[in-house]
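Q: Let us go through this model feature by feature. Please give the general idea, then the case.

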Amino acid sequence: PFLFVDEILEESADLLRTRWTVPPEADFLRGHYPGKPLVPGVLLCESAFQAAAILCARDTEAAGPDVVPVLTRIGEARFKRMVGPGET
């Protein structure tokens, strides 16, 4: 229930483009914000980080099979616009 990657659109050795469509019935939209639902910024970041983890995990030979990519810090995240239910 915590996967924010619906589809891989494009991939190469050093690039991965993914898509996530925000489900209108997602529980996090109920309280964020009542009457004007929008996706919390931390979940938008999580979607991008999951795509990056997929790209990193493809190189398991170099990293080893037990290595799991983990994000440890976000610095100065900025958003271009608000994202609401049903948006991609």
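Q: Which residue forms a salt bridge with Arg81?
A: Side chains of opposite charge can pair when their charged atoms come close. A salt bridge here is a side-chain nitrogen of Lys or Arg within 4 Å of a carboxyl oxygen of Asp or Glu. Glu87 is the partner of Arg81, with the closest N and O atoms 2.6 Å apart. This is a predicted model: local features need pLDDT of at least 70, side-chain atom pairs count only at pLDDT 80 or more, and totals for chains, interfaces and linings use all residues. Residues are numbered from 1 along each chain as its sequence is written, and side-chain values use heavy atoms, with hydrogens and water left out.

Q: How many salt bridges does the rule give?
A: Four. Among them, Arg17 and Glu10 meet at 3.2 Å, N to O. Asp27 and Arg30 meet at 2.6 Å, N to O.

Q: Is Asp27 buried or exposed?
A: Buried means under 20% relative accessible area, exposed over 50%, partly exposed in between (1.4 Å probe, protein chains only). Asp27 has 54% relative accessibility, so Asp27 counts as exposed. Its partner Arg30 is exposed too, at 64%. Arg17 is partly exposed at 45%, and Glu10 is partly exposed at 36%.

Q: Which residues of α1 are buried?
A: Helices (H or I, at least four residues) and strands (E, at least two) are DSSP runs, numbered from the N terminus. In α1, the buried residues are Leu43, Cys45, Ser47, Gln50 and Ala51.

Q: What do the buried residues of α1 pack against?
A: Contact means heavy atoms within 4.5 Å. The buried residues of α1 pack against β2 (15–19).
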